Amino acid sequence: MRLSDDGERIRTRAASSKVRPAVRDPVGEDPPAVDDAESCASELVTNAVVHTESGRGGHVSITVARDGDVLEVCVADDGAGGEVPHVRDEAFAENGRGIVIVTALAAEWGVEAERDGTTTWFRLRG
């Protein structure tokens, strides 16, 4: 499933309001899977908007796929000049906990950096 408003990618202002419904449709209403998927997807979209060119007039795309008991969510952004999402090692930081949350909830996650952007993904099982 790909979210869009005018094509394949959505403007970042629209992204946050579309994350939860996009994840809920393929997952269904079965907690905790839907809660974990929504939380992780929201964190990745927030990272894209705050830390990449996507938040400066760019776009974000969200792809949600389910294969049996595995749910995969990919968030693609316009890139951050070579920086990629990572776990911050600052216990009392006021922000920067998004990837920590994804790491705690997801079975696995990763980053694929390309010339024109970055895709951060996670997988949940269950």
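Student: In which sense do strand β2 and strand β3 pair, and over how many bridges?

Tutor: In this predicted model, strand β2 (residues 59-67) and strand β3 (residues 70-77) pair in the antiparallel sense, over 7 bridges. To follow the pairing residue by residue, take A65, whose bridge partner in β3 is E72.

Student: What do β2 and β3 form, and how many residues lie between them?

Tutor: They form a hairpin, with 2 residues between the strands. In the turn, G68 has a positive phi of about 65°.

Student: How should I read the largest nonpolar core, and which residues have the most contacts inside it?

Tutor: The general idea is that in soluble globular proteins, nonpolar side chains tend to be buried together. Here the largest nonpolar core has 21 residues, and those with the most contacts inside it are I62, L71, V73, V75 and F122. Two or more residues come from each of α1 (12-27), α2 (33-51), β2, β3, α3 (98-105) and β5. The most come from α2, which gives 7 residues.

Student: What does F122 touch, leaving aside residues up to four places away in sequence?

Tutor: F122 touches several residues, among them A37, C40, A41 and L44, and also L71, E72 and V73. Its other contacts include V102 and W109. Note that E72 is also the bridge partner of A65.

Student: Which residues of α3 are buried, and why do they line one face of the helix?

Tutor: A residue counts as buried when its relative accessible area is under 20%. In α3, the buried residues are G98, I99 and V102. Seen down the axis of α3, they fall within an arc of 90°, so they line one face of the helix. These buried residues pack against α2, β4 (108-114) and β5.

Student: What share of the whole chain is buried?

Tutor: Of its 126 residues, 36% count as buried. The accessible surface comes to about 7,200 Å², of which 47% belongs to carbon and sulfur atoms.

Student: What is the mean pLDDT of the chain, and which elements have the lowest and the highest mean?

Tutor: The mean pLDDT of the chain is 77, and 73% of its residues reach 70 or more. Over residues 1-8, pLDDT stays under 50.

Notes. Residues numbered from 1 in each chain as written. Predicted model: local features only at pLDDT ≥ 70, side-chain atom pairs only at ≥ 80, totals over all residues. Heavy atoms only, no water. pLDDT = per-residue confidence, 0-100. Contact = heavy atoms within 4.5 Å. Pairing = 2+ DSSP bridges. Helix = DSSP H or I, 4+ residues; strand = E, 2+ residues; numbered from the N terminus. Core = buried A, V, L, I, M, F, W, Y, C linked by side-chain atoms within 4.5 Å. Buried < 20%, exposed > 50% of the residue type's maximum accessible area, 1.4 Å probe, protein only. Areas by Shrake-Rupley, 256 points an atom, 1.4 Å probe, with all protein chains shown as cover. Arc of directions from axis to C-beta.
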